[in-house]
Amino acid sequence: MKNFAKLIKLTLIATTFVTMFSCSDDDNVEPINNSIAGVASRAPQFTTLVAALDKTGLVQTLDQNGPFTVFAPTNDAFDTFLTDNGFASLDDVPVPTLEKILLNHVVNGKFASTDLATGYVSSLAKGSASSTNNLSLYIDLDVTTGVQINGIATVTAANIAATNGIIHQVDRVIGLATIIDHAKANPNFSTLVTVVTSTDSNGNGFGDQSAVATALTTNTAPLTVFAPTNDAFTTATTGSGFAVGATPAQVSKVLQYHVTAAGNVLSSTLTNGQVVSMITDPAQDITIDLSAPTSPKITDTSSSQAGIITVDVQCENGVIHAVDKVLQPVL
């Protein structure tokens, strides 16, 4: 009987120690990290993205409070990006370039799919053209193609929740958009794109405008473009529009009259009465009219005015301001 009581006592002591150690182990278990970086790290489709974040030191950024919205490319999206840009692997991508591209997928604020609207938002990336204005992303809520970013990446899985924001999975890496890339992304500039990318082989009467297209794509010195909308081109090229019957040389001059090499000219730096030289040869000027601050305008050489309707679309090599009228140079 004494031995039995002794056994019970030892069993109770052992149980107490097991319980103590079990509680201690539970206390040392780290909580699951449900930040954007943490959620991505446990998703098999984002292993390349996580490797890229780790390589650039951005894991810590996406662990912070935020909130952030991340358009997260899949592994397949990164494979396509590497192939298209001649990289054998992620290790071949220069770290500064990779960091900028990754930040171009991140937006300040939490935007669920129901919060997204067609228009421009700013990413966390800085382009080469401006040290103060972040690169723009064009969100297009198309009923046919779904949600697209910059005209190339489609959201394939939305609203992946995280404690510091939200993730939308995309099927392409969103590169650093040039002026022409951003023009292509926005359907309201489709006529401008058609004209600028025209060649003699198009047979559309615009002639070869490849020199303008090249400048808007590869120019290393920042350019500012006052980009006419589709409606603006319709007005200029139909009825009594000034560009009806324009020759290819005149079309080229009209296009050049919408571009200035004065740098990355943001709307905040424009002043009333400011004269801006455009890249026509010889140079022709436009004049900024801010007499009605809520309705900024441009006066061209024909003394007609175009309204500036969208400002500061930041591109890698410059900035776009949309105008509602085609500017008329001396032809």
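Biologist: Where does Asn-317 sit in this structure?

Modeller: Asn-317 lies in the loop between β13 and β14. The model is a predicted one.

Biologist: Why is Asn-317 called buried?

Modeller: The cut-off for buried is under 20% relative accessible area. Asn-317 has 6%, so the residue falls under that limit and counts as buried.

Biologist: How do you know that the side chain of Asn-317 makes a polar contact, and with what?

Modeller: The side chain of Asn-317 reaches the backbone nitrogen of Ile-179 at 2.9 Å. A polar contact needs N or O atoms within 3.5 Å, and therefore the 2.9 Å distance meets the limit.

Biologist: Which residues is Asn-317 in contact with, leaving aside neighbours within four places in sequence?

Modeller: Heavy atoms within 4.5 Å make a contact. By that test the partners of Asn-317 include Ala-129, Thr-178, Ile-179, Leu-216, Asn-219 and Pro-222.

Biologist: What makes β13 and β14 a pair?

Modeller: Two strands pair if there are at least two bridges between them. β13 and β14 (residues 318–323) are joined by 5 bridges, so they qualify. The two strands run antiparallel, and Thr-310 has Ala-322 in β14 as its bridge partner. They form a hairpin with 2 residues between them.

Biologist: How do you know that β12 and β13 pair as well?

Modeller: The same test applies. β12 (residues 297–299) and β13 (residues 305–315) share 3 bridges in the antiparallel sense, and at least two are needed, so this is a pair.

Biologist: How many helices and strands does the protein chain have, and is the chain spread out or compact?

Modeller: The chain has 10 helices and 14 strands. Its radius of gyration is 28 Å, whereas the globule rule gives 20 Å for 331 residues; the value is well over the rule, so the chain is more spread out than a compact globule. The C-alpha atoms fill a box of roughly 115 × 45 × 35 Å along the principal axes. Buried residues are 44% of the 331.

Biologist: What makes a group of residues a nonpolar core here, and which residues have the most contacts inside the largest one?

Modeller: The members must be buried residues of the nonpolar kinds, joined through side-chain atoms within 4.5 Å. The largest core has 30 residues, and among those with the most contacts inside it are Ile-36, Phe-46, Leu-62, Val-70 and Phe-78. Elements giving two or more residues to this core are α2 (36–41), α3 (47–56), β1 (68–73), α4 (75–84) and α5 (95–103). Another core, of 27 residues, lies apart from it and includes Ala-227, Val-251, Val-313 and Cys-315.

Biologist: Which residues does Ile-36 touch, not counting those up to four places away in sequence?

Modeller: Among them are Leu-62, Phe-68, Val-70, Ala-162 and Ile-166.

Note on methods. Residues are numbered from 1 along each chain as its sequence is written. This is a predicted model: local features need pLDDT of at least 70, side-chain atom pairs count only at pLDDT 80 or more; totals for chains, interfaces and linings use all residues. Side-chain values use heavy atoms; hydrogens and water are left out. Helices (H or I, at least four residues) and strands (E, at least two) are DSSP runs, numbered from the N terminus. Buried means under 20% relative accessible area, exposed over 50%, partly exposed in between (1.4 Å probe, protein chains only). A polar contact is a pair of N or O atoms within 3.5 Å; within protein, one must be able to donate a hydrogen and the other to accept it, and residues adjacent in sequence count only if both atoms are side-chain atoms. The radius of gyration is taken over C-alpha atoms; the globule rule is 2.2 Å times the number of residues to the power 0.38.
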